[in-house]
Amino acid sequence: MTRIWKAYSQASLILRVTIALVLGVLVGLMGGEPVAVWLAPLGDILLRLLTFLIVPIVLFTLMVGVNQSREGSAGRIGGKVFGYYLASSALAITVGLIIATLFNPGSGMRLDEQASFSVPDNPGVVDTLLNIVPNNIIGAFAELNMLGIIFTALVFGIALLKMRQSEHQQAMGERLYEVIEALNEVTLKVMSGVLHYVPIGVFAIVAETVSQQGLETLLSLGDMVVVLYIALAAHLLIYCGIMRLFGVKLRTFFREARTPMATAFATQSSSGTLPLTINAAHRLGISKSIYGFSLPLGATLNMDGAAIRIAISAVFAANVIGAPLDFISMVQIVLIGTLVSVGTAGVPGAGIIMIATVFAQVGLPIETVALLTAIDALVGMGATALNVTGDLVGTSVIAQSEGEALKETPLEDTPATAKV
C-alpha cells in the first residue's frame, strides 16, 4: 500500500488528472446512473475542498502581493488587468459570432412550442459594482462574494503597507506582515495536500457527468456542441498568438496551465479551480503582486468561454426560429454580452443566466434556452476550461509586460508545494 501511494504521489499531477479524465469517461459510459449515485460524494468532496481554500488563498495571497509590489505599480497593473479582461471578453464574443455564422448551428431544427424556461434573476452591473464593498466582511466570506473578498484584501493589504512604511508603526506592521505571510504559507501547505485528492475528485465528477448526460444528449444537439468547441479552439489559438506577441513561450505556459485547464473542464468551476490556477502562476515564476490580483478577479469577471457560449447560443436560437441575426443584432450581442459577463459574475448557473439575459435584450425567444439547458454540462466544461485559461494567459502577458519572464523550468518548490 505504501508503495502504491508513493508511486501515486510522485507522478506528475497532470498525468494523474489525465488518467482520471479518461477513466471517468469510460466508467460513466459503462456504469450508467448507479455509478453517478455512488461516485457523487467523491466529486462533492473535491468541490468542497477547493471552495474551502478560496477565502484564505485570495485574502492572504493578495495581501502579501500588495506588500511585495513595487511602489506605484499597483495602479498600473490594475489598469492592465481590467483593460485586458474587457478586451478579451469582447473579442471572445466576436470570435463566437464569426464561427457560429460560418457553421450555422440549429439550422433545420424547430422550437418545441411546449418548451418553457423561467429567466433567473440577473443582479445587473450596478448591483455587482455595489457588491464590491461588502456591508459585512464575515458575510462576504460566507457567501463567497469574490469581489467583496478582493476589496477586503486590497484595503487591508494597502493599510498594512502604509503601516510598514510609517515611522511610528513600522515595527508593528512588520510583525503583522510576518503573520500574514506565515498564514499564506500554511494555506499553500494545505493546498498541497488537497492537490493529491484532485485526480480522485475529477474521476468521480467526470463519471457522474457522463453517466447522467449520456451520448443521446450529445448527439441530439451535436452540431451546437461541435461548433462551440471549434470556437473555443479558435480562441485558444488567438491566446497563443497574443502570448507569442508578448514573448511568452507557449511550451512553458502550457506546462503549468494544463492542470488547472483539465480540472476546470471537469469541475465546471472557475472559482473552484482558483487554487490550482494560483499554484500554476507561482510555478511559472509570476510575482504575487500580479497573480494575487489578476487571478481572483479573473475568476469572477473574465469569462471568455462563457462569452463564446453566449454568441453561439444566440446564433443557434436565431436559426431555430428561422430568423438569422443581422449585423446590428450581432453588434448588440457583442456590447450587451460583454457587460452581462461582468453583471452575472459569481452567480450560480451564470452561463444560463448570461444567455437568457442577452436573449431578452436582443429579442430572441427565451424558450430556446430550455433546449440549451439539456447540454449545459457538456458546453459548460469547455467554456469553463477556456475561462481559466484566459485568466492565466492575461496574467502571463501582464507579467511579461512588467519585465517578468516565465521560468523555463518550474520554480523551485517551496515547502508548501513540495511533491505536487
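Which residues have the most contacts inside the largest nonpolar core? Keep that in mind as you open this predicted model, and let's walk through it.

**Stop 1: the core.** Select L97, V202, L325 and I333: these have the most contacts inside the largest nonpolar core, which has 110 residues. Now color helix α3, residues 33-68; with 13 residues, this helix gives the most to that core.

**Stop 2: around V202.** Zoom in on V202 and show its surroundings. Leaving aside residues up to four places away in sequence, V202 touches V17, A20, L21, L46, T263 and A266.

Stop 3: Pick out L29, which lies in helix α2, residues 13-31.

**Stop 4: confidence.** Finally, color the protein chain by pLDDT. The chain averages 79, and 81% of the residues score at least 70. Among its elements, helix α9 (residues 222-245) has the highest mean pLDDT, 91, while helix α5 (residues 124-130) has the lowest, 62. Then select residues 112-120, where the pLDDT is below 50; this stretch has twelve contacts in the model beyond near neighbours in sequence. Residues 412-420 also have a pLDDT below 50, with 20 contacts beyond near neighbours in sequence. A friendly caution for this last stop: where pLDDT is low, predicted coordinates should not be read in detail.

Technical notes. Residues numbered from 1 in each chain as written. Predicted model: local features only at pLDDT ≥ 70, side-chain atom pairs only at ≥ 80, totals over all residues. Heavy atoms only, no water. Helix = DSSP H or I, 4+ residues; strand = E, 2+ residues; numbered from the N terminus. Core = buried A, V, L, I, M, F, W, Y, C linked by side-chain atoms within 4.5 Å. Buried < 20%, exposed > 50% of the residue type's maximum accessible area, 1.4 Å probe, protein only. Contact = heavy atoms within 4.5 Å. pLDDT = per-residue confidence, 0-100.
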